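I am opening a notebook on a structure that is new to me.

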Amino acid sequence: MSSADEGLSRPLPEQVRGHVVDLAAQVLGTIPVPAVPAPLRGIAKFEPRKRARLGGAAIAAQLETDKKFREVVAETLAAGWPELVSSLAEGTVPPAADPVLVATAAYLTRPPGWPDMVESARADLARSAAAAEGSAHEQTIARLREQLAGQKAVAKEEIDRVREQLRSARAEIADLRRKLHDARERAKAADARAAGHEQAAEEARAALASAGSAAETELRRTRERLTEAERQLEAGRRSAREGRSAEDTRVRVLLDALQDAAAGLRRELALPSTISRPADTVNAVSPDRPGVRAVPARALADDDPALLDQLLALPQVHLIIDGYNVTKTGYGTLTLADQRGRLLTGLGGLVAQTRVEVTCVFDGAELNGPVPVTAPRGVRVMFSAPGQIADDLIRQLVRAEPAGRAIAVVSSDREVAESVRRMGARPVQSSLLLRRLGRA
């Protein structure tokens with residue numbers, strides 16, 4: 001804030017300027033709004049501390065140029081310090097007055113010689129600051145001297161302690177050197193003994209390794225012979241078990257088929273239960289028992305649903321189904337899992353009605369391996385092995401049955417139908433089974 005035109009050759013001291021601005025900011029809130037100078041109306045809305053902080057420059061400038069506003073602030077100052085203002089108006093500065101307050105009152109009230117009063121206050125403030133700074137320097141120097149003396153004492157104690165430690169360390173080093181010399185001598189002797197023990201141990205290890213190698217070779221040969229013997233024994237047992245099981249199954253199935261066929265013929269021909277009658281001695285041509293080869297002779301088309309009914313009525317018939325061939329014919333738009341579920345559900349009902357043996361074969365290659373399936377009661381579900389197709393598995397099933405058993409294979413695949421026909425089975429189109437399941 002420059003006041004050269006009022007007699008000040010330099011700006012107000014910063015402490016005086018801050019005091020003047022704080023006082024003006026306090027007064028600004030008490031002035032009626034119409035009387036507030038236009039440049040300060042926006043600042044007047046703030047609270048006093050915010051006015052001084054944010055509008056200090058504007059307030060100082062207004063005080064410098066607006067005499068009326070300055071006088072309003074001076075009146076407030078005179079009301080607070082009337083004796084000080086009266087003394088300054090008479091040209092007297094109270095000896096014990098605060099230089100900042102004196103300069104503030106002189107600047108606002110402008111008594112005669114007020115610039116000298118401000119400069120005198122500036123000098124007092126400078127002297128006070130210099131005295132305070134000198135006192136602070138003296139205190140700092142005294143404190144540093146005390147710290148230096150303390151550090152010297154501590155350093156002396158530390159030096160004495162280090163010297164004592166050095167003497168102890170030298171004595172300890174000498175003792176350790178003696179112990180080290182003794183330890184080296186003992187170590188040399190121990191090394192010599194260890195070398196002798198190591199040589200003896202090496203010889204023992206070599207002998208043990210040779211013996212162990214021979215024993216291991218003999219043990220390995222013995223284990224190989226034992227493993228080969230066990231493998232041959234297991235192979236013989238498995239071969240005997242599988243052969244006996246397969247033959248027993250074939251014989252049992254064939255006997256069941258013959259028994260059911262005989263019972264069916266007895267019922268159809270109303271034969272008596274006795275073993276023989278006089279009429280039995282008369283030579284005649286007897287009718288063949290019904291089988292799958294007899295069905296095509298009847299006047300039925302290959303797509304007639306009654307054909308499958310006749311086959312299902314045969315005794316001990318085995319119905320083998322090409323699963324995906326049937327499902328893709330009937331409901332190929334479904335997913336494979338839904339196709340399997342729908343077909344197996346229908347086959348479960350068919351088995352419950354007819355009591356026939358049903359085997360449903362799916363192609364395992366479709367899913368890169370078998371999948372878990374919950375089969376209905378009485379329905380055998382099989383997947384072809386990796387590298388095998390369902391057609392080959394169907395042929396294996398037909399080939400495994402004994403000669404003379406009634407076998408029906410449901411598949412619309414011509415190659416499958418021809419191959420199973422040559423093996424004695426009766427091929428049936430997939431559409432016949434779908435119709436039969438739909439009717440059920």
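I began at one strand pair and noted that Val410 stands opposite Val428 in β5. The chain crosses from β4 to β5 through helix α13 (residues 414-422), and this β-α-β crossover is right-handed, a term meaning that, with the strands pointing away from the viewer, the path from the first strand over the helix to the second runs clockwise. Before going further I wrote down that this is a predicted model, in which local features need pLDDT of at least 70 and side-chain atom pairs count only at pLDDT 80 or more, while totals for chains, interfaces and linings use all residues. Residues are numbered from 1 along each chain as its sequence is written, and side-chain values use heavy atoms, with hydrogens and water left out. The helices (H or I, at least four residues) and strands (E, at least two) are DSSP runs, numbered from the N terminus.

**The sheet**

I then asked in what order the strands of the open sheet lie. The 5 strands follow the order β3-β2-β1-β4-β5 with parallel pairing, where two strands pair if DSSP finds at least two bridges between them. At the edges I found β3 and β5 (426-428), each of which pairs on one side only. Neighbouring strands are turned by 20 degrees against each other on average, direction ignored, with axes taken as lines fitted to C-alpha atoms, for helices over the stretch in contact, and angles running from 0 to 180 degrees between N-to-C directions.

His318 has Ile407 as its bridge partner, and Ile321 has Val410. On the other pairing, β4 and β5 are joined in the parallel sense over 3 bridges. Ile407 and Val409 point one way from β4 while Ala408 and Val410 point the other way, and all are buried (under 20% relative accessible area, with exposed over 50% and partly exposed in between, for a 1.4 Å probe and protein chains only).

Helix α10 (residues 323-331) lies across β1, β2 (357-362), β3 and β4, running at about 60 degrees to β1.

**A buried serine**

Ser384 sits in the loop between β3 (379-383) and α12 (390-400). Is Ser384 buried or exposed? At 1% relative accessibility, Ser384 counts as buried, and its side chain reaches the backbone nitrogen of Gly364 at 2.7 Å.

**Charged pairs**

I counted 15 salt bridges, each being a side-chain nitrogen of Lys or Arg within 4 Å of a carboxyl oxygen of Asp or Glu. Arg436 forms one with Asp309, their closest N and O atoms being 2.9 Å apart. This pair links distant parts of the chain, since Arg436 lies in helix α14 (residues 430-439) and Asp309 in helix α9, 127 residues apart. Arg436 is buried at 11% relative accessibility, whereas Asp309 is partly exposed at 27%.

Next I looked at Glu357 and Arg380, whose side chains meet in a salt bridge (3.0 Å, N to O). Glu357 lies in strand β2 and Arg380 in strand β3, so the pair ties together parts that are 23 residues apart in sequence. I also noted that Glu357, Arg380, Glu401 and Arg405 are linked in a network of salt bridges.

Terms used. A polar contact is a pair of N or O atoms within 3.5 Å; within protein, one must be able to donate a hydrogen and the other to accept it, and residues adjacent in sequence count only if both atoms are side-chain atoms. Contact means heavy atoms within 4.5 Å.
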